[in-house]
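Biologist: I have a structure open and would like to go through it step by step. Please show it first, and then I will ask.

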Amino acid sequence: MDEDYGVTDSPRKGPTLSTSTSSFEPFDAHDPNLSRLATKMFQKTGDYITHELASTVDDYKLIENMNRAMMGKVADMRQMSQSIAVKNAELNKKYEDLKPLLQRVDDIESTVDKLEAAAYQLDSYSIRLENKFKSLKTKQ
């Protein structure tokens with residue numbers, strides 16, 4: 001049993017502790033075009049990440065501004081609802097003050113309805129009486 005303890009062979013340098021299969025060695029000469037392209041790729045990736053982060057920051061600023069505006073609207077609505085509650089309490093108080101008078105109006109209306117019914121009965125009776133009187137007068 002041959003134990004290597006993680007030592008592998010590099011294609012150029014021989015045994016290394018790396019488990020990578022890459023042929024890139026840090027101090028070896030390599031293609032300058034590849035280096036230029038890698039540098040350009042890292043710059044573009046950095047620019048992309050920078051813009052993504054800036055976009056995210058802008059989104060958070062927008063949300064923060066929207067939250068501030070909403071807090072103002074909520075404060076206005078709270079003040080308005082408190083004002084409505086005060087006005088509602090005032091109206092309830094006025095209604096309670098008017099309740100006895102409204103009850104009197106209802107009682108008067110009931111009495112007027114009864115008087116109207118009595119007037120219709122009296123009118124009906126007087127018409128019957130008049131008709132009876134006319135019939136008795138015509139018989140004579």
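Biologist: With which residue does the side chain of Arg68 meet in a salt bridge?

Modeller: This is a predicted model, and a salt bridge needs a side-chain nitrogen of Lys or Arg within 4 Å of a carboxyl oxygen of Asp or Glu. For the Arg68 side chain, the N to O distance is 2.7 Å. The partner in this salt bridge is Glu64.

Biologist: How far apart in helix α1 are Arg68 and Glu64?

Modeller: Glu64 is partly exposed, with a relative accessible area of 37%. Arg68 and Glu64 are separated by about one helical turn, because their spacing in helix α1 is 4 residues.

Biologist: How many salt bridges does the structure hold?

Modeller: One of them joins Arg68 and Glu64. Another joins Asp97 and Lys93, with the closest N and O atoms 3.0 Å apart. The side chains of Glu130 and Lys134 also meet in a salt bridge, at 3.5 Å from N to O. The number in the structure is 3.

Biologist: Is Asp97 buried, partly exposed or exposed?

Modeller: Asp97 sits in helix α1, 4 residues from Lys93, so about one helical turn separates the two. Buried means under 20% relative accessible area and exposed means over 50%. Asp97 has 45% relative accessibility, so the class is partly exposed.

Biologist: In which helix do Glu130 and Lys134 both lie?

Modeller: Glu130 is partly exposed at a relative accessible area of 41%, and Lys134 is partly exposed too, at 46%. Glu130 and Lys134 are 4 residues apart, about one turn of the helix. That helix is α1.

Biologist: In what order do the elements of the protein chain run from the N terminus?

Modeller: The protein chain has 1 helix and 2 strands. Helix α1 covers residues 32–139, while strand β1 covers residues 8–10. From the N terminus, the order is β-β-α.

Biologist: What share of the residues in the protein chain is buried?

Modeller: The protein chain exposes about 13,300 Å², and carbon and sulfur atoms supply 60% of that area. A residue counts as buried at under 20% relative accessible area. Of the 140 residues in the protein chain, the buried share is 3%.

Biologist: What is the area of the nonpolar surface patch that includes Tyr95?

Modeller: Tyr95 is found in helix α1 and is partly exposed, at a relative accessible area of 44%. A residue needs over 30% to be part of a patch, so Tyr95 passes that cut-off. Leu98, Leu101 and Leu102 make the patch together with Tyr95, and its area is about 370 Å².

Biologist: Which charge does the surface patch with Glu109 carry, positive or negative?

Modeller: Glu109 lies in helix α1 and is partly exposed, with a relative accessible area of 47%. Asp106, Asp107, Asp113 and Glu116 gather with Glu109 in this patch. Its charge is negative.

Biologist: Which element has the lowest confidence in the protein chain?

Modeller: The mean pLDDT of the protein chain is 86, and 79% of its residues reach 70 or more. Confidence is highest in α1, at a mean of 95. Where pLDDT is low, the predicted coordinates should not be read in detail. The lowest mean is 53, and the element is strand β1.

Note on methods
Residues numbered from 1 in each chain as written. Predicted model: local features only at pLDDT ≥ 70, side-chain atom pairs only at ≥ 80, totals over all residues. Heavy atoms only, no water. Patch = residues over 30% accessible without salt bridge, like charges linked within 9 Å, V, L, I, M, F, W, Y side chains within 5 Å. Areas by Shrake-Rupley, 256 points an atom, 1.4 Å probe, with all protein chains shown as cover. Buried < 20%, exposed > 50% of the residue type's maximum accessible area, 1.4 Å probe, protein only. Lys, Arg positive; Asp, Glu negative; His and termini not counted. Charge placed at Lys NZ, Arg CZ, Asp CG, Glu CD. pLDDT = per-residue confidence, 0-100.
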